[in-house]
Amino acid sequence: MIKVLLSQEIHPEGKKLLEGKFEILTAPDTSQQTLISMVKDVDAIILRTTSKITKEVIENAPKLKIISRTGAGVDNIDVKAATERGILVCNLPGVNNLSVCEHTLAMIMHLAKQLSFMDKAVRKGNWNVRNLNLSVELEGKVLGVVGMGNIGALVAKKCHYGLGMRILAYDPYIKEKFIDCEYEFTDTLEELFRKADFVTLHCPDTPETKGMITRDLIYSMKPTAYLINTARGSLIDEQALIDALKEKRIAGAGLDVFIEEPPKLNNELLKLENVILSPHSAALTKETTIRMSTEAAKAIVDYFEGRQPKYIYNIKELEQKGIRFFYE
Ligand SMILES: NC(=O)c1ccc[n+]([C@@H]2O[C@H](COP(=O)([O-])OP(=O)(O)OC[C@H]3O[C@@H](n4cnc5c(N)ncnc54)[C@H](O)[C@@H]3O)[C@@H](O)[C@H]2O)c1
């Protein structure tokens, strides 16, 4: 029987699509050793975010034919090594756009209205906190969107039409305006960081974007500005952000992602009052979790039943190698 390995448990709705058709194995933890020890006989892997399919994992999986991601990002897969072996890498572009967008909006509104601080104060009997005038209105404020792809564009649209914010965007790979919303591109990241009241990051983790949010950029922000990151922790110089937050050089931050996940308990970010945190959960709404598990499972079912999976991330490279996946 064809064996499918789940790198972590998936929603039962997705599992139902596999049951009876395949033998299903579930990794008991997300460590590399566990993954390597379990891939020997598997034909397919459904991969969530935490585990990594490295070259070593692929070398230990001689029967592996398809890796199906439960999300859009493939930065936890050595795609080159997979392609060299002719393994399909399937992903789900757009599957969690709305959830991540709404999480970003929640962070923007939470920070603007200082909800964490207010909530703690009320619980301690500090009613007078209402007279500190800590919260701000969002209408007319400038939102700087770094990475105007699927999620960034949706955030821009909702913040513009829903909240009346002015939008600046930075994305060197998009030259033409493509969304139905008033916004301006800045030529440089520096300009966006200088002008924005809220900066929100929506670009992928690539060699180019690693550490792109430098100390200089963070320190160039308005002292009243907030930085939100629901993309990847590696984009930001995390120590510089901690320093800026401690020195109140910026007003605060909202972070769903970290350089090290989960962050160590002694990570200073966990102690700062002017930052709100979530556990890389922006995508994990009830609706998206079901969608991610069912769509990732469907890619596996389609492949083994002779249909082309909807999204094959490395299809061009595979076709260049002479491997075709069209089953007319
Ligand atoms: N927190 C979560 O749970 C979660 C869930 C889904 C996605 N994400 C993250 O969000 C990111 C964005 O997702 P998406 O679906 O919008 O991706 P996307 O590919 O549609 O958009 C990414 C955009 O970033 C732009 N970009 C690339 N390099 C850039 C650079 N150097 N500077 C500025 N822009 C650059 C690209 O041109 C593209 O327009 C993902 O890559 C992923 O890291 C996080």
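Predicted model: local features only at pLDDT ≥ 70, side-chain atom pairs only at ≥ 80, totals over all residues.
1. Basis. Local features need pLDDT of at least 70 and side-chain atom pairs count only at pLDDT 80 or more, while totals for chains, interfaces and linings use all residues. Residues are numbered from 1 along each chain as its sequence is written, and side-chain values use heavy atoms, with hydrogens and water left out.

2. Largest core. The largest nonpolar core has 34 residues, of which Val-146, Phe-193, Ile-213 and Leu-227 touch the most other members. A nonpolar core here is a set of buried Ala, Val, Leu, Ile, Met, Phe, Trp, Tyr and Cys residues joined through side-chain atoms within 4.5 Å. Among the elements that each supply at least two residues are β6 (142-146), α8 (189-195) and α10 (238-246); α10 gives the most, with five residues. Helices (H or I, at least four residues) and strands (E, at least two) are DSSP runs, numbered from the N terminus.

3. Val-146. Leaving aside residues up to four places away in sequence, the contacts of Val-146 include Tyr-170, Leu-189, Phe-193, Leu-201 and Met-212. Contact means heavy atoms within 4.5 Å.

4. Second core. A separate core of 29 residues includes Leu-143, Cys-159, Ala-169 and Cys-181.

5. Cysteines. The structure holds zero disulfides, a disulfide being a pair of cysteine sulfur atoms within 2.5 Å. For Cys-181, the nearest cysteine sulfur belongs to Cys-159 and is 9.2 Å away. Cys-181 counts as buried because its relative accessibility is 8%; Cys-90, at 2%, is buried too. The classes are buried under 20% relative accessible area, exposed over 50% and partly exposed in between (1.4 Å probe, protein chains only).

6. Ligand shell. There are 26 residues around the ligand, and Asn-150, Ile-151, Asp-171, Thr-230 and Asp-256 come nearest. A residue is near a molecule if one of its heavy atoms lies within 4 Å of it. Helices α5 (97-112) and α7 (150-163) each supply at least two residues of this shell.

7. Ligand atoms. A backbone N or O atom of Thr-230 lies 2.9 Å from a ligand nitrogen, and a polar side-chain atom of Asp-256 also lies 2.9 Å from a nitrogen atom of the ligand. At Ala-283, a backbone N or O atom is 3.5 Å from a ligand oxygen. The ligand taken alone exposes 870 Å², and the protein buries 86% of that. Accessible areas come from the Shrake-Rupley method with a 1.4 Å probe.

8. Glu-273. This residue sits in the loop between β11 and β12 (275-277). Glu-273 counts as exposed because its relative accessibility is 56%. Its C-alpha atom is 31 Å from that of Ser-51, 222 residues apart along the chain.

Definitions and conventions: Polar contact = N/O pair within 3.5 Å; in protein donor to acceptor, adjacent residues only side chain to side chain.
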